[in-house]
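Please open the model in your viewer and keep the selection panel at hand.

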Amino acid sequence: MALEWVVLGYAAGAEAIMLLFLTLPGLDGLRRGLVSVVRGALKPMLSVVPFCLFLLMDIYWKYETRPTCNEEHACTPSEHLRHQKSIMKSQRNALLIAAALLLYWLLFTVTSLVVKIEQLNQRLNKLKRDD
């Protein structure tokens, strides 16, 4: 299952880099090309959403089927340590899922706002030329 988390981490990293480049000031010349690249990448990157839901169900399943230590001395220290590591990994993975979904939503929203701003600037330039 480690490969899935690596893929999700790379997808979240790519989303963060694209979002950073879209929002950096002073990149007006690159922004047009970057917007077209990001708009083209948004549809394939939508697969992150069902992938995150699948991984979230995997975390839930691991949580539901985890071994429990009902009595005080029912688990050995190594079993207890393994259980604690599993909980920490699940929490880390849940944060990665939340970050990937949030970054996708932000990238989608920022891209649509940049496109609207470009369209409004084109309208404004057209009105200035007509006057």
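A pocket, for this tour, is found on a 1 Å grid over the protein atoms alone, as an open set of points where a 1.4 Å probe fits, with protein on both sides within 12 Å along at least five of seven lines, and its lining residues have an atom within 4 Å of a point. Its volume is the space filled by probe spheres set on the points, which are joined across faces, edges and corners.

The model is predicted, so local features need pLDDT of at least 70 and side-chain atom pairs count only at pLDDT 80 or more, while totals for chains, interfaces and linings use all residues. Residues are numbered from 1 along each chain as its sequence is written, and side-chain values use heavy atoms, with hydrogens and water left out.

**First stop: the second largest pocket**

Select Asp28, Arg31, Arg32, Val114, Glu118, Asn121, Gln122 and Asn125, which line the second largest pocket, a space of about 220 Å³.

**Second stop: the salt bridges**

Stay with aspartate 28 and arginine 31, whose side chains meet in a salt bridge at 2.9 Å, N to O; the term means a side-chain nitrogen of Lys or Arg within 4 Å of a carboxyl oxygen of Asp or Glu. The two residues stand three apart in helix α2 (residues 28-45), about one helical turn. Which of them is buried and which exposed, if buried means under 20% relative accessible area, exposed over 50% and partly exposed in between (1.4 Å probe, protein chains only)? Aspartate 28 is exposed at 53%, whereas arginine 31 is buried at 15%.

Now select Arg66, Pro67, Arg82, His83 and Ser86, which lie nearest the centre of the largest pocket among its 14 lining residues. The volume of this pocket is about 300 Å³, and the elements giving two or more residues to its lining are α3 and α4 (77-130).

**Last stop: helix α1**

Finish at leucine 3, in helix α1 (residues 2-23), which is exposed at 62% relative accessibility.

Note on methods:
Helices (H or I, at least four residues) and strands (E, at least two) are DSSP runs, numbered from the N terminus.
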